[in-house]
Amino acid sequence: VVLETTLDDAPGETIGFVSDRLFAAGALDVHLTSVQMKKQRPGTTITVLSEPARAADLQAILFRETPTLGVRRWNAERTALP
């Protein structure tokens, strides 16, 4: 499962803290992308790769620890080397 949210009002310390919390809760990967928001404000997109069984817990972390109002979610296929 891919979870994604874009923030334009969160300090870097919050984003780093959330990233650490997501990994500690079992996220397979967390990556951060710098984006330009409306009115030319800087923002950050947080993308989380999760096993389906952990997705709800990871989504709860995003809602609890960031100022996001919504999280995009979709299923994805993953292939990994042995």
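Buried here means under 20% relative accessible area, exposed means over 50%, and partly exposed lies in between (1.4 Å probe, protein chains only). Strands (E, at least two residues) and helices (H or I, at least four) are DSSP runs, numbered from the N terminus.

A word on the source: this is a predicted model, in which local features need pLDDT of at least 70 and side-chain atom pairs count only at pLDDT 80 or more, while totals for chains, interfaces and linings use all residues. Residues are numbered from 1 along each chain as its sequence is written, and side-chain values use heavy atoms, with hydrogens and water left out.

**Strand pairing around β3**

- Two strands count as paired if DSSP finds at least two bridges between them.
- β3 pairs with strand β1 (residues 2-7) in the antiparallel sense, over six bridges.
- In that pairing, T44 of β3 stands opposite L7.
- Strand β2 (residues 29-36) also runs antiparallel to β3, and eight bridges join the two.
- P42 in β3 is the bridge partner of Q36.

**The β2-β3 hairpin**

- Five residues lie between the strands of this hairpin, and K39 takes a positive phi near 60 degrees there.
- Most residues other than glycine have a negative phi, and that is the background for the next two entries.
- K39 is not a glycine, yet its phi is positive at about 60 degrees; the residue is exposed, with a relative accessible area of 70%.
- Q40 is not a glycine either, and its phi is positive at about 65 degrees.
- Q40 is placed in the loop between β2 and β3 and counts as exposed at 59% relative accessibility.

**The nonpolar core**

- A nonpolar core is a set of buried Ala, Val, Leu, Ile, Met, Phe, Trp, Tyr and Cys residues joined through side-chain atoms within 4.5 Å.
- The largest one has 15 residues, and those with the most contacts inside it are L3, L22, I46, V48, L58 and L62.
- β1, α1 (12-24), β3 and α2 (55-65) each supply at least two residues of this core, and α2 gives the most, with four residues.
- Where does I46 make its contacts (heavy atoms within 4.5 Å), leaving aside neighbours within four places in sequence? Its partners include L3, L7, V18, L22, V30, L32 and L62.

- The buried residues in α2 include A55, L58, I61 and L62.
- They cover an arc of only 120 degrees around the axis, which puts them on the same side of α2; the arc is that of the directions from the helix axis to the C-beta atoms.
- The face turned away from this buried side carries the exposed residues D57 and R64.
- Cover for the buried residues of α2 includes β1, α1, β3 and β4 (72-74).

**The whole chain**

- The chain has two helices and four strands, which follow the pattern β-α-β-β-α-β along the sequence.
- Its radius of gyration is 13 Å, close to the 12 Å that the globule rule gives for 82 residues, so the chain is as compact as a globular protein of that length.
- That radius is taken over C-alpha atoms, and the globule rule is 2.2 Å times the number of residues to the power 0.38.
- Of the 82 residues, 32% count as buried.

Definitions and conventions:
Contact = heavy atoms within 4.5 Å.
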